[in-house]
Amino acid sequence: MDTQKVDRKLEVDEQKHFNNRIDALDYYTRQFMQHVPFENLDVQNGVTISTDLDDLYHKIVEQGRGGYCYEVNTFFSAYLESKGYETHFLPATIHTPDGGRSLEDSHMTLAVVIDGETYIADVGFGDLPVKAIHVTDDGHDTVQDVNGKYRAIREEGMIHVQKWVDDEWQTKFAAKAQPQALNYFDDVLEYNQHDPESHFVKSVIVTMPTETGRVTMSQNNLTVTDEEGKHKTPVTPDNYQQLLQKHFGINLTVPRLEKPEKE
């Protein structure tokens, strides 16, 4: 992988002074998340998902695309390892606010170990801060950014990644602490790109954090969240390509968006 070209895409200044490797990890994480969108457009277009690094390099760096967890966390892991970091893939189950759960272990999160301490540096989830989250036993080490306050806490052999919502900690996903090889996720990757029950098959999702909040596009609306609140723009067959280009730098035809979404 041409890390210099990846650095240029992420606008990484290699002469930048970091106080320590944690500061550097936070910088790399923020740059990646603000330049590489979380998106499932290949799933929507019936394009086979690949986790091969050459394929990911072509898609993310050369085509200016993003991907979902199996793609972007694989690519970011390789990038971090080229910088000397120790990285691990952890299987995780997503929790929804209504008490629902995703297919078990269907999310692949990314952990980074620095001086024996574990940090979640997941660039493949639609609602996380733009810096790594220190995993602790008491949950007192929190991360605050414009999208909210987060923590990662060990509980009964699991790592719960949580966000402070409505005066309580809500679990976004629970990860098993035992690292797994990439091929562990082959079955769930297959599920999430082909099964009609998969959220990624059912719905368009393109999202990326910004300096002031987050921008998210579905088949129905583009939502820009900033310090003044949420601003919605209807997504139509006439404007979706312009919105993808303007907000995410993606130049792509998406057949599902070529016709109005049925009510």
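Reader: How much space lies in the second largest pocket?
Author: The second largest pocket holds about 160 Å³, a volume being the space filled by probe spheres set on grid points joined across faces, edges and corners. A pocket is an open set of points on a 1 Å grid over the protein atoms alone, with protein on both sides within 12 Å along at least five of seven lines; a cavity is a set where a 1.4 Å probe fits but cannot get out, and lining residues have an atom within 4 Å of a point. This is a predicted model: local features need pLDDT of at least 70, side-chain atom pairs count only at pLDDT 80 or more, and totals for chains, interfaces and linings use all residues. Residues are numbered from 1 along each chain as its sequence is written, and side-chain values use heavy atoms, leaving out hydrogens and water.

Reader: Which element gives the largest share of that lining?
Author: Helix H4 does, with 4 residues. Helices (H or I, at least four residues) and strands (E, at least two) are DSSP runs numbered from the N terminus. The lining includes Leu-56, Lys-59 and Glu-71.

Reader: Where do H4 and H5 meet?
Author: Leu-56 and Lys-59 are among the H4 residues that meet H5, where Glu-71 and Phe-75 are among the partners; contact means heavy atoms within 4.5 Å.

Reader: At what angle do they cross?
Author: The axes of H4 (residues 53–62) and H5 (residues 69–82) come within 10 Å and cross at roughly 105 degrees. The two helices are therefore roughly perpendicular, a label for angles of 65 to 115 degrees.

Reader: New topic: what is the volume of the largest pocket?
Author: The largest pocket has about 1,400 Å³. Of its 45 lining residues, Phe-125, Gly-126, Asp-127, His-199 and Ile-205 are the closest to its centre. Strand E12 gives the largest share of the lining, 4 residues.

Reader: And how many cavities are there?
Author: The count is 1 cavity of 30 Å³ or more, and the largest cavity has a volume of about 50 Å³. Phe-38, Phe-125 and Thr-207 are among the residues that line the largest cavity. Strand E10 (residues 206–209) supplies the largest share of this lining, 3 residues.

Reader: What is the bridge partner of Phe-38 in E10?
Author: Thr-207 is the partner. E1 and E10 pair in the antiparallel sense over 2 bridges; strands pair if DSSP finds at least two bridges between them. Both belong to an open sheet of 5 strands in the order E1-E10-E11-E12-E13. Its edge strands are E1 (38–39) and E13 (229–234), each pairing on one side only.

Conventions:
Axes are lines fitted to C-alpha atoms, for helices over the stretch in contact, and angles run from 0 to 180 degrees between N-to-C directions. Angles under 35 degrees count as roughly parallel, over 145 as roughly antiparallel, 65 to 115 as roughly perpendicular and the rest as oblique.
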